[in-house]
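Visitor: I'd like a quick tour of the charged contacts here. Could you walk me through them?

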Amino acid sequence: MSKVKYYYDSETLSYKKIERKKRRTIKYITLFLIASALFGFLFVSIAGHYIESPKEKALKRELTNLEFQYDLLNKKMSQAETVLANIEERDNTIYRLYFEANPIPEEQRKAGFGGVNRYKKLEGFDNSELIINSNKRIDKLLKRIVVQSKSLDEIAVLAEEKEKLLASIPAIQPVNNKDLTRMASGYGMRSDPFTKQRKMHWGMDFTAPRGTPIYAAGDGVVVRADSNSSGYGKHIRIDHGYGYVSLYAHLYKYNVKKNQKVKRGDLIGFVGSTGRSEAPHLHYEIFKDDQRINPINFYYGSLTPEEFSKLLERASLENQSLD
């Protein structure tokens, strides 16, 4: 039950009941609500600056984590760029140089993307510049990786060709040193055994007993195994590719046939004295682009430096050839 309040009326010298008017009550209530609302608004405004809500705390933690992840991403990108730059330098100065390929220019490796704005959808945000720069950096890094990957693919092809070339070059002595009687005659002007006149000797003569094994000097295909060339008797010609052809003459018999593929070191025939020959020996020639060249320069695959020096000394003697 609500309390009843009275006031003293001095004119009537009596107490009278206080009657609260409804309009005034509504006024007080309205003022109270407005004051409460203002106080609440001020409190929330002030507290918002000094007191963090749970949601704000969560967002702040998330922002801190994103900043950490961004710094970590930057460090990883810097590391990747350093490693890639090292690979690019070795690619230009070692790999491509070794395989005689032109270096890839720096501007080609690090070129940006022209034309259409690729990052327009990232504009208009608070951190747009940061996001766009990061995307540009990643895109350039990916492009450099693609360029480097294509370069390595090219190097792999060149390496395979180089390996084939090295295996194809006639690089071993066609008769083993242990089977040789002697190196009878070298490349150059020599005395003809039949006419006794000086004339050009286009190969090297290796004296060995009849039936001594003869080996392919490099990988290739047998293009001839016959006796249809004047003076050579039974002979073999191997096309090694890359312009190289080796010739083995005055054979006793063959161990290969035309169109047969051979590998360096394969047994292809045996020493004899067929054709224009004075004694059992192997006459050996090398052609490069249809021009005869000195075989002495192609024994790096089978002789030691000492053996090569002795062979070089004997080959330089202007003696009599055997064919």
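Here are some questions and answers about salt bridges and a recorded region.

Guide: This is a predicted model, where local features need pLDDT of at least 70, side-chain atom pairs count only at pLDDT 80 or more, and totals for chains, interfaces and linings use all residues. Residues are numbered from 1 along each chain as its sequence is written, and side-chain values use heavy atoms, with hydrogens and water left out.

Visitor: How many salt bridges does the structure hold?
Guide: A salt bridge here is a side-chain nitrogen of Lys or Arg within 4 Å of a carboxyl oxygen of Asp or Glu. By that criterion, the count is 10.

Visitor: Asp91 and Arg109 form a salt bridge; what is the N to O distance?
Guide: Asp91 sits in helix H2 (residues 54–98) and Arg109 in helix H3 (residues 106–109), so the pair ties together parts 18 residues apart in sequence; helices are DSSP runs of H or I, at least four residues, numbered from the N terminus. Their side chains meet at 2.9 Å.

Visitor: Is Arg109 buried or exposed?
Guide: Buried means under 20% relative accessible area, exposed over 50%, and partly exposed in between (1.4 Å probe, protein chains only). With a relative accessible area of 0%, Arg109 is buried.

Key: Helix = DSSP H or I, 4+ residues; strand = E, 2+ residues; numbered from the N terminus.
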